[in-house]
Amino acid sequence: MKITEIRLHQLSMKMKTPFTTSFGTQQDRFITIVEAIDETGRSGFGECVSGEDPLYSEEFMDASIIAMKKYFAPMIIHNEIDHPDEVWELFKPFKKNNMAKAAIEGAVWDLYAKQNDMTLAEAIGGQKTQVEVGISLGLEETDELLLEKVKEKVDEGYKRIKVKIKPGRDVDMIRRIRDRFGDIPLMADANSAYTLDDIETLKALDAFDLMMIEQPLAAGDLIDHAKLQKQISTPVCLDESIDSYQAALGAIELGSCRIINVKVGRVGGITQSIKIHDLAQKHDIPLWCGGMLEAGVGRLHNIAITTLGNFTLPGDTASSSRYWYEDIITPEVVAKDGVVQVSSAPGIGAEVDFDKMQQYLKQTDVITEADVPDMNFYN
Ligand code: OSB
Ligand code: MG
């Protein structure tokens with residue numbers, strides 16, 4: 001396939017409500033939609049999930065945009081490829097910047113699927129026609145406010161409830177949720193807020209039969225997570241730590257977790273996600289698909305990856321309306337009783353709606369062959 005032009009549509013989308021984690025509060029989401037166009041004028045779409053600031057991981061949107069403009073978009077335009085699996089290899093000279101790589105690769109995957117009249121799920125090798133989803137709830141000012149949100153989402157039928165925790169907002173808060181809602185499928189996400197010095201708190205959470213505790217310790221701490229997992233009965237799920245196939249291999253070999261949250265952007269794209277999927281399956285490590293406050297394009301990519309067989313736990317891909325007054329795709333993603341139907345339309349399965357996108361659009365950068373720098377690593 002020959003990609004002649006890549007457009008980076010940079011959006012600012014106001015979320016319905018602020019989203020608070022142990023690392024900060026977010027109200028406006030800066031999103032870059034990547035559009036890869038082939039010589040027939042057909043477009044494929046990807047979404048860059050980098051945060052505005054490097055708080056979740058080292059990546060941040062301004063840097064990702066530069067990386068896409070300067071390295072990844074020119075690399076794709078300058079080289080012809082037969083299959084999207086080749087994109088990761090093409091990008092190999094450039095270290096990390098996984099979310100920027102994944103955004104471009106995602107657009108190539110969508111385009112490839114459309115060129116071959118397949119759904120993205122089929123192109124990936126996914127089998128499911130529907131996927132189960134849960135919801136991720138941010139920290140609230142008070143436990144009472146959080147309990148109201150939990151009630152609303154349980155009533156909407158989400159298949160599991162994830163709540164954010166941090167030191168001081170953990171054991172008592174989880175106890176109150178259990179007391180009020182009984183044995184709902186419940187899990188907690190710490191976004192790296194603890195260390196092994198907090199072992200007593202983390203052990204205390206064992207009393208609540210959580211499905212898992214997500215990323216209790218720092219991203220680099222595979223060894224500490226392994227020590228922790230030996231001392232608690234709650235399964236540890238890693239999110240931030242799993243930033244590559246190698247990290248997944250290390251975590252599995254060390255026993256740092258029993259569950260993995262796959263985020264396509266964090267691991268560098270769909271090809272790497274499939275590799276991690278196959279590895280985890282071999283080792284009986286169940287997966288689920290995490291979220292990064294995506295607009296519709298990213299949401300549809302998440303649904304596609306979740307159709308792979310070892311994504312056995314509900315993911316964070318809730319309805320478009322979870323965060324957005326109006327999403328940028330038609331039709332929007334809708335979870336009904338915690339289930340999302342996989343579209344049978346080609347590629348990501350919905351149209352990117354440029355009329356809707358217009359209200360959020362700040363800037364579009366266009367990269368063509370004329371923008372490919374004269375540097376030897378492009379050949
Ligand atoms: O840790 O899973 C996380 C959002 C932004 C950054 C990190 C995380 C999250 C979420 C929300 O938990 C997931 C979503 O609803 O998109
Ligand atoms: Mg997480």
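Leaving aside its neighbours within four places in sequence, which residues is Ser136 in contact with? The answer is Phe19, Lys162, Lys164, Asp316, Arg322 and Tyr323, where contact means heavy atoms within 4.5 Å.

## About the model

This is a predicted model, in which local features need pLDDT of at least 70 and side-chain atom pairs count only at pLDDT 80 or more, while totals for chains, interfaces and linings use all residues. Residues are numbered from 1 along each chain as its sequence is written, chains are lettered from A and ligands numbered from 1 in the order in which they are written, and side-chain values use heavy atoms, with hydrogens and water left out.

Ser136 sits in strand β5, which covers residues 135–137. Strands here are DSSP runs of E with at least two residues, and helices are runs of H or I with at least four, both numbered from the N terminus. Ser136 counts as buried because its relative accessible area is 7%. Buried means under 20% relative accessible area, exposed means over 50%, and partly exposed is in between, using a 1.4 Å probe and protein chains only.

## The magnesium site

Now to the metal. Asp189 (OD), Glu214 (OE) and Asp239 (OD) coordinate the magnesium ion (ligand 2) at 2.1 to 2.3 Å. Donors are N, O and S atoms within 2.8 Å of the metal (3.2 Å for Na, K and Ca), and since water is not among the atoms, sites may look incomplete. Along the sequence, the donor residues of this magnesium ion follow the spacing D-x24-E-x24-D.

Most residues other than glycine have a negative phi, and most peptide bonds are trans. Gln215 is not a glycine, yet its phi is positive, at about 40°. Gln215 is placed in the loop between β8 and α8 (222–231), and it counts as buried because its relative accessibility is 0%.

The largest pocket has a volume of about 470 Å³. On a 1 Å grid over the protein atoms alone, a pocket is an open set of points with protein on both sides within 12 Å along at least five of seven lines, unlike a cavity, where a 1.4 Å probe fits but cannot get out; lining residues have an atom within 4 Å of a point. Grid points are joined across faces, edges and corners, and a volume is the space filled by probe spheres set on the points. Of the 31 residues that line the largest pocket, Phe19, Phe23, Gln26, Tyr56 and Leu293 lie nearest its centre. Two or more lining residues come from each of β1 (3–21), β2 (24–38), β6 (161–164) and α12 (296–306), and β2 gives the largest share, four residues. By class, this lining has nine nonpolar, eleven polar and eleven charged residues. Here Ala, Val, Leu, Ile, Met, Phe, Trp, Tyr, Cys and Pro count as nonpolar, Asp, Glu, Lys and Arg as charged, and the others, Gly among them, as polar.

The second largest pocket holds about 310 Å³ of space. It is lined by 21 residues, and Tyr56, Ser57, Glu58, Ala219 and Glu240 are the closest to its centre. Its lining divides into seven nonpolar, eight polar and six charged residues.

## Helices and what follows them

Helix α11 (residues 270–282) has 13 residues and reaches 18 Å from its first C-alpha to its last, close to the 18 Å expected at 1.5 Å a residue. The expected span is 1.5 Å times one less than the number of residues. Among the buried residues of α11 are Ile270, Ile274, His277 and Leu279. Just after α11, Asp284 takes a positive phi of about 55°. Asp284 lies in the loop between α11 and β11 (287–289) and counts as exposed because its relative accessibility is 68%.

Helix α3 (residues 98–115) has 18 residues that should span 26 Å, and its end C-alpha atoms are 25 Å apart, which agrees. In α3, 17 of the 18 residues are buried. Just after α3, Asp117 has a positive phi of about 55°.

## A cis peptide bond

The peptide bond from Thr330 to Pro331 is cis, with omega near -5°. Pro331 is found in the loop between β12 (329–330) and β13 (339–341).
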